[in-house]
Amino acid sequence: MRALKFHDTHISLAHGNGGRMMRELIEELFAPALASPLLDTDADAVSLAVPADQDLVVTTDGFTVQPLEFPGGNIGSLAVHGTVNDLAVSGAVPRYMTLSVFLEEGLEIALLRRVVDALARAARACGIAVVAGDTKVVGRGDCDGIYLSATGIGFRPQGVCFALNRIRSGDRVLLSGPIGEHGAAVMLARQEFGLRGDLESDAASVLPQAQALMSVPGLRFMRDPTRGGLATVAHEIARSAGLAVRLAEAQIPVSDPVQSVCELLGFDPLYLACEGRLIAIVAPETADRALAALQTVAPRAALIGTIGEGSPQVILHTTFGGERSLDELEDDPLPRIC
């Protein structure tokens with residue numbers, strides 16, 4: 001790995017013009033941090049090997065979080081975890097990632113370094129290699145510092161399929177941990193409400209959680225509850241399966257700091273984004289076994305609900321013994337969250 005020699009302090013439009021300054025930005029800042037045997041900054045495309053007994057799985061996503069840095073991560077690590085998690089809940093093992101970077105004129109290089117370093121550390125920890133990328137620079141005010149677009153490639157054993165159309169009445173709903181921590185942490189980091197705290201985002205890879213569940217028969221479906229949170233995934237399940245989703249409020253783990261923030265500001269943790277949690281639908285006869293497997297890697301995992309006959313809706317059994325229907329999210333209470 002070459003020593004870092006990049007000395008500029010801020011991004012200028014010249015860093016995106018295809019000339020010397022752009023070459024130096026890529027070769028002296030991005031490439032050393034993201035170094036992998038397949039990353040060739042002089043090539044227009046890269047060749048990837050596909051195992052003969054595996055299906056290739058692809059996902060793509062964009063990341064526009066504000067602020068760019070928040071307790072527990074930044075937009076760089078978030079891009080990796082978001083990409084890895086979409087592959088993991090599809091039953092795939094993430095292997096490769098491409099990255100498009102959009103930088104705003106005037107961005108501090110020191111901040112960019114922190115983002116790239118966090119992205120590189122997260123990628124190494126998740127076992128995914130950045131193999132191709134692109135960099136663009138836009139004028140001041142045309143983006144909020146950094147936008148990232150990532151495409152992830154993973155491999156899944158042939159015949160493995162987790163899909164909404166496999167869900168049946170009687171199935172159980174599992175959740176891998178406390179909800180809303182990413183949304184609440186980013187909200188506090190914005191300091192829009194005059195609140196501060198030590199709450200950290202839950203942003204992390206859910207691959208260990210997904211792999212633990214895949215060892216148990218009867219797994220129907222998995223999803224990571226990002227924008228719109230647990231309630232939005234529950235509505236997606238109800239709508240696609242044509243069944244009622246019944247959630248038990250007392251069984252849904254919510255940390256005290258998240259609950260406090262929601263009570264102060266009038267938010268519902270059921271609608272707040274997570275970036276390191278997994279929702280799974282499993283057959284009733286293997287639900288206990290699946291929960292035990294999940295708790296080996298996610299100790300606060302819980303069985304939080306059931307799938308039943310009835311009109312496609314989400315019903316919350318409250319801690320007071322009543323029921324209420326959860327509305328589908330319409331307005332975005334926390335834009336630019338991931």
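Modeller: Start with how elements are named. Helices and strands are DSSP runs, numbered from the N terminus. Leu247, for instance, sits in strand β9 (residues 244-248). Keep in mind that this is a predicted model.

Biologist: Is Leu247 buried or exposed?

Modeller: Buried means under 20% relative accessible area. Leu247 has 1% relative accessibility, so it counts as buried.

Biologist: What does Leu247 touch, beyond residues up to four places away in sequence?

Modeller: Contact means heavy atoms within 4.5 Å. With those residues not counted, Leu247 touches Val173, Leu230, Ala234, Ile252, Ile304, Gly305, Val314, Ile315, Leu316, His317 and Leu326. Take Ile304 from that list. Leu247 and Ile304 are 57 residues apart in sequence, yet their C-alpha atoms are 5.7 Å apart in space.

Biologist: Now Glu328. Where does it lie?

Modeller: Glu328 is in the segment after β13 (323-325). Its relative accessibility is 44%, so Glu328 counts as partly exposed. Leaving aside neighbours within four places in sequence, Glu328 is in contact with His235 and Arg239. From Glu328 to His235 is 93 residues in sequence, but 6.5 Å from C-alpha to C-alpha.

Biologist: Next, helix pairs. At what angle do α2 and α3 pack?

Modeller: Helix α2 (residues 75-88) and helix α3 (residues 109-126) pack at about 30°, and their axes are 6 Å apart. Angles under 35 degrees count as roughly parallel. Therefore α2 and α3 are roughly parallel to each other. The crossing of α2 past α3 is right-handed.

Biologist: Which residues make that contact?

Modeller: From α2 come Ile75, Gly76, Ser77, Val80, His81 and Val84. From α3 come Val115, Ala118, Leu119, Ala122, Ala123 and Cys126. By class, the contact of α2 with α3 has nine nonpolar, three polar and no charged residues.

Biologist: Why do residues a few places apart point the same way on a helix?

Modeller: An α-helix has 3.6 residues a turn, so residues three or four places apart point the same way. Keep that in mind for another pair. Helix α4 (residues 181-190) and helix α7 (residues 256-265) pack at about 60°, with axes 10 Å apart. That makes α4 oblique to α7. This crossing, of α4 past α7, is left-handed.

Biologist: Which residues meet there?

Modeller: Glu181, Ala184, Met187 and Leu188 of α4 meet Val258, Val261 and Leu265 of α7. The contact of α4 with α7 counts six nonpolar residues, no polar ones and one charged.

Biologist: Which residues of helix α5 are buried?

Modeller: In helix α5 (residues 207-214), the buried residues are Leu207, Gln209, Ala210, Ala212 and Leu213. Their cover includes α2, β4, β7 (172-175), β8 (219-223), β10 (279-282) and α8 (287-295).

Biologist: Last, aromatic rings. How do I describe a pair?

Modeller: By the distance of the centres and the angle of the planes. The count here comes to one aromatic pair. The rings of Tyr96 and Phe155 have centres 6.2 Å apart and planes at 85°, so the pair is edge-to-face. Over 60 degrees is the cut-off for that label.

Biologist: Where in the chain are the two partners?

Modeller: Tyr96 is in strand β4 (residues 93-104) and Phe155 in strand β6 (residues 146-157). They are 59 residues apart, and the pair links distant parts of the chain. Both Tyr96 and Phe155 are buried.

Technical notes. Residues numbered from 1 in each chain as written. Predicted model: local features only at pLDDT ≥ 70, side-chain atom pairs only at ≥ 80, totals over all residues. Heavy atoms only, no water. Axes fitted to C-alpha atoms, helices over the stretch in contact; angles between N-to-C directions. Helix = DSSP H or I, 4+ residues; strand = E, 2+ residues; numbered from the N terminus. Parallel < 35°, antiparallel > 145°, perpendicular 65-115°, else oblique. Left-handed = near helix turned anticlockwise from the far one by under 90°. Nonpolar A, V, L, I, M, F, W, Y, C, P; charged D, E, K, R; others polar. Phe/Tyr/Trp six-rings, centres within 6.5 Å; stacked < 30°, edge-to-face > 60°. Buried < 20%, exposed > 50% of the residue type's maximum accessible area, 1.4 Å probe, protein only.
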